[in-house]
Structure formats: structure tokens, C-alpha cells
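Here is a short briefing on one protein model. Look over the sequence and the structure first, then read the points below.

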Amino acid sequence: QVQLVESGGGLVQAGGSLRLSCAASGSISSINAMGWNRQAPGKQRELVAAMPSGGSTNYADSVKGRFTISRDNAKNTVYLQMNSLKPEDTAVYYCNAKIKVAGIAGVYDYWGQGTQVTVSS
């Protein structure tokens, strides 16, 4: 069984910073891509940032230059450093990962429970 546990959300004023963390645990054989998505009230879930196993990064245009994704492979953890936050960044942020579970064929998507980020103006 695999779990993704997020932390680091909260309330911050516009222009402030937050750092989200997401740790994967369980019977993990390997982790391919890890990333962050978000869902604001009344909107569809959208990709924020992704980091495939090769080390490249992808960002939504709306966060380029402000957010940075990074991984600690030894800890099976992905981070999202969010700077210069704006009210429109307010959303529930979800971690996801493509994981190969030990003893099971195939790679599967796993999601965290979500962490609320609220940016006040």
C-alpha cells in the first residue's frame, strides 16, 4: 500500500511564501514523475508543476518564475516552493506521483489528500 501525505499549506498574505511537502511511503519499488496540481472552488483541477524522474520540470504558465518544484529521491519527497503568492493561487493543492509498487506489475497514479492554500489580498 502506498500513501502520499502533504503538509505546509496555510493562510498567507499576498506577496508571501509557502513551502509544500509531499512524502510518499509504503511498498515503493520506484517513483517516476511527481508533481503538484490544484483545484480552486468552482474550477477544474489543474497542473501546477511536474518533475519526471529524469529531472526536468514543467510549470503552468501562471506560476512560472514564482513556484519551484524539487525532489529528494532518498526521502521519496517532492516540494513546492511558492513565492510571490497571489490571491488567485488560493486552492487545494494535491500531490501526485506515478509509482511502481513492489511485487505489482505496472506504474500507477497516487494522490495525496490535499492541503489548503489561502492567499489574502
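**Strands, turns and side chains**

Strands β9 and β10 form a hairpin with six residues between them, and Gly103 in the turn has a positive phi of about 85°. Strands here are DSSP runs of E with at least two residues, numbered from the N terminus. Two strands pair if DSSP finds at least two bridges between them.

This is a predicted model, in which local features need pLDDT of at least 70, side-chain atom pairs count only at pLDDT 80 or more, and totals for chains, interfaces and linings use all residues. Residues are numbered from 1 along each chain as its sequence is written, and side-chain values use heavy atoms, with hydrogens and water left out.

**Strand β9 and its partners**

- Strand β9 covers residues 91–101, and eight of its 11 residues are buried, so the strand is largely enclosed by the rest of the structure. Buried means under 20% relative accessible area, exposed means over 50%, and partly exposed lies in between (1.4 Å probe, protein chains only).
- β10 (residues 108–111) pairs with β9 in the antiparallel sense over four bridges. Lys98 stands opposite Asp109 of β10.
- β4 (residues 28–39) runs antiparallel to β9, and nine bridges join them. Here Gln39 faces Val92 of β9 as its opposite residue.
- β11 (residues 115–120) is also an antiparallel partner of β9, over three bridges. Val92 has Gln116 of β11 as its bridge partner.

**The four-stranded sheet**

- An open sheet of four strands has the order β1-β3-β8-β7, with antiparallel pairing.
- Its edge strands are β1 (2–7) and β7 (67–72), and each pairs on one side only.
- Neighbouring strands are turned by 15° against each other on average, direction ignored. The axes are lines fitted to C-alpha atoms, and angles run from 0 to 180 degrees between N-to-C directions.
- Six bridges link β7 to β8 (residues 77–82) in the antiparallel sense. Asp72 stands opposite Thr77 of β8.

**Arg71**

- Arg71 belongs to strand β7.
- Its contacts include Ile31, Asn32, Met51 and Val78, not counting residues up to four places away in sequence. Contact means heavy atoms within 4.5 Å.
- Which backbone oxygen does the side chain of Arg71 reach? That of Ile31, at 3.5 Å.
- The Arg71 side chain also makes a polar contact with the side chain of Asn73 (3.2 Å). A polar contact is a pair of N or O atoms within 3.5 Å; within protein, one must be able to donate a hydrogen and the other to accept it, and residues adjacent in sequence count only if both atoms are side-chain atoms.
- Arg71 and Ser21 are 50 residues apart along the chain, yet their C-alpha atoms are separated by 9.5 Å.

**Arginines over rings**

- The charged end of Arg19 sits over the ring of Tyr79, 4.1 Å from its centre.
- Arg45 lies over the face of Tyr94, at 3.7 Å from the ring centre.
- The rule for a charge over a ring asks for NZ of Lys or CZ of Arg within 6 Å of the ring centre and within 35 degrees of the ring normal.

**Positive phi in loops**

- Most residues other than glycine have a negative phi.
- Asn76 is not a glycine, but has a positive phi of about 50°. Asn76 lies in the loop between β7 and β8, and counts as partly exposed at 24% relative accessibility.
- Ser84 also has a positive phi of about 50° without being a glycine. Ser84 sits in the loop between β8 and β9, and is partly exposed, with a relative accessible area of 41%.
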